[in-house]
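Morning, everyone. Have a look at the model first.

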Amino acid sequence: MNGDETVKNTIRNLISSFRSTRSKWLTIVIPIIVLGILFFSLTVNNVFTPTYDIDRFGIAKETIRSPITIENKQETERKTRDTVQSVNDRYETSKEITNEQIGYVNELFDAVKKLDKKKDGKDSQADDELTTREKVQKLSNVLSPEITEHVDELILTQLLKTSPDERRKGQKVMVDALKNVFHEGVRTENVQTAKAEVKQQIKYSSLDNQLQQALMSLSNFAVTENAVFDVENTMAARKDAASSVEPVMIRAGEIIVREGQTITNEKYQQLKLVGLLNKERNVYPIIGLALLLLLITGTIGYEMYVLDKRKQLNKGKAAAIILISIFVVALMKGVSLFTTQINQLYYLVPVATGVLLLKQLIHERFAIVLAGLYAILGSIIFNGEIPGSLNMEAGIYFFFSQLAAIGLLANTKEKDRLAIVKTGIGLVIVNIITVLLFLFLSFEKYNWIDFFIQSGFGIGSAFLSVVLTIGLLPFFETGLGILTDMKLLSLSSPNQPLIKKILTEAPGTYHHSIMVANLSEAVCEAIGANGLLARVGAYYHDIGKTVRPHYFIENQLAVTNPHDQLDPKESAKIIISHPYDGVAMLREQRLPEEIIDIAKQHHGTTLLKFFYYKEKKKNDQAEEADFRYPGPKPQSKEAGVVNICDSVEAAVRSLKEPTEDKIEEIVSSIIKDRLLDGQLDECPLTMEDLHIVNETICETLKGIFHSRIQYPTTKAEAPG
């Protein structure tokens, strides 16, 4: 037997594992694959760079822009080479040569001046001639060999004949001219130019013509090369010039060739450089997009897995996630077709619609995660005419707009759909602030018209988000059977037909349901479950009692108990049928499955002990199975809480004197009985949760029954 049981358990576990895997494929994996394919199809042209079959010197059929930012190394090298070649050679001016040449000139004038002072005063022409020759000879004897070797005697003679004042002026003109050209540096290739410059200065001086001629002849000796080529300085200057050259960049979005232009060799090389002539290179952006979408869909899949583990994901919610995601991305894609860098239409996209729906239909955390993912996708979609780039301005705007929508959407459990409208008002303010942020950060100058237009887009985005959310929410609630807080609020209205039916046909059951609802909501809020779902589920959990209301004790006011006349099995059959009668009624009215599940599971497979033991007295062969609810056992925290609170409320209501000790005792015993009977085995309530359940129920019941606890009275005050 043990072997057979082991085989059965193994088979049962395999079947359960297969069903679980199949469920995850249906609710997570397949939707994620579909979502990834759709995202790829909507964004591929934002990273895809087309290639062109172009010939050199042909005519461009369209304007072609660069898809990437890249350095044109060939052009950078050419520019660097030209810059280096334009650097003049560096020369080092020799002060020794400069001082030496000017010294020779000063030496010559000083020698002439000294000899001129020794003039003997003879008047005859012959004597004068002899004296000049003697002086020339004497000068030749006293002057440096470099002077006598290169300076003609005619120059010396002319200097001797010139008056001292005129000679002094000539010396100053000559020395100043030499200093000027030597300061600039006289190189081998410009020696003649320097000599001409000196002669020019002498020519335009006020000196005597003969003296000018002598000095011009002297300049041929005085002007010589004084600048030596400096290798180190020249190389350093060229290196500095090369490093100062900015790389020649082809920017993403830059026009390479315009429509109708001739494709020169230079343009052809640029097209080749950016990959517009290379079909193989076009694969890389697609691979990059695929990796990005893998991360995005992987994140969505993980969040769906987390929801599935918490039993908060079903096929309807999975479908809603897919549809909302496709709607948001398709909406951005549609607007992007009309967007330019000038009109900035992405401010108008009602991107907050998606997260407003997700927060109400799925979960707040899930909405926040997808807000970031939608913003990333938006930054790709609105990258303009620059494939593969990201429009960070659009991405940041989308992120803050969505985040504000999630935060501003107040707790809808206490409000109606006007909560979404109020969220829209706050969203207007956030959108305008974000628009202003980009206007002030920009270096461009904007006027009031730009401010009003772009702020108007932000206002339009908020308005459209509210309208679309209110319009689409009923579709998801009804079409996909997703239960939202707003739907629960509408179902909790006393004007609902089924609630009216309970009130009019089974008033005792109605009051019992109200008490169970109060208890269940308080307990679920304490353990982090959905209190509103538990409350509404409790309102409807006993709707099946309206089929035979007088067979249930809470409705037997001034009426004999019909069970006294029935066989225990018949009584049990009537009592056991009420959850399933209720399920049929709820399904007929198309109430959400979550409410139906609570009604179906609120008794689990518990035993009707009263009728079982009553039958047992008559028949020792009585089977427990005939007196047990067929189930299923509670599958969610909310159903488990309603299961406990339903029994607790009935038990406490039956107490004649509900003291605090009795309340605590009966609550503990019911929870313990549910645990021992295995009724909570299939719901995610933990032992810590059950401890909180116990405390919360006791505190709530003590508050309810405090004013009703009976105290000892005198005989005169005792009821008659």
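Which residue forms a salt bridge with K172? The partner is D176, and the closest N and O atoms are 2.9 Å apart. By salt bridge I mean a side-chain nitrogen of Lys or Arg within 4 Å of a carboxyl oxygen of Asp or Glu.

Some ground rules. This is a predicted model: local features need pLDDT of at least 70, side-chain atom pairs count only at pLDDT 80 or more, and totals for chains, interfaces and linings use all residues. Residues are numbered from 1 along each chain as its sequence is written, and side-chain values use heavy atoms, with hydrogens and water left out.

Back to the pair. K172 and D176 sit 4 residues apart in helix α7, residues 164-184, so about one helical turn separates them. Helices here are DSSP runs of H or I, at least four residues, numbered from the N terminus. K172 is exposed, at 55% relative accessible area. D176 is partly exposed, at 32%. The cut-offs: buried is under 20% relative accessible area, exposed is over 50%, partly exposed is in between, with a 1.4 Å probe and protein chains only.

Why pair at all? Side chains of opposite charge can pair when their charged atoms come close.

Next, E189 and R187. Their side chains meet in a salt bridge, 2.9 Å from N to O. E189 counts as exposed, at 54% relative accessibility. R187 counts as partly exposed, at 24%.

R365 forms a salt bridge with E303, and the closest N and O atoms are 2.8 Å apart. R365 lies in helix α15, residues 364-381, and E303 in helix α12, residues 283-309, so this pair ties together parts that are 62 residues apart in sequence. Is E303 buried or exposed? E303 is buried, with a relative accessible area of 6%. R365 is partly exposed, at 41%.

There is also a network. Salt bridges link E75, R78 and D82. How many salt bridges does the rule give? The count comes to 22.

Last stop, T696. This residue lies in helix α28, residues 687-705. T696 is buried, at 12% relative accessible area. What does T696 touch, leaving aside its neighbours within four places in sequence? T696 is in contact with A522, V523 and A526. Contact here means heavy atoms within 4.5 Å.

That's my tour. Over to you.

Notes
Helix = DSSP H or I, 4+ residues; strand = E, 2+ residues; numbered from the N terminus.
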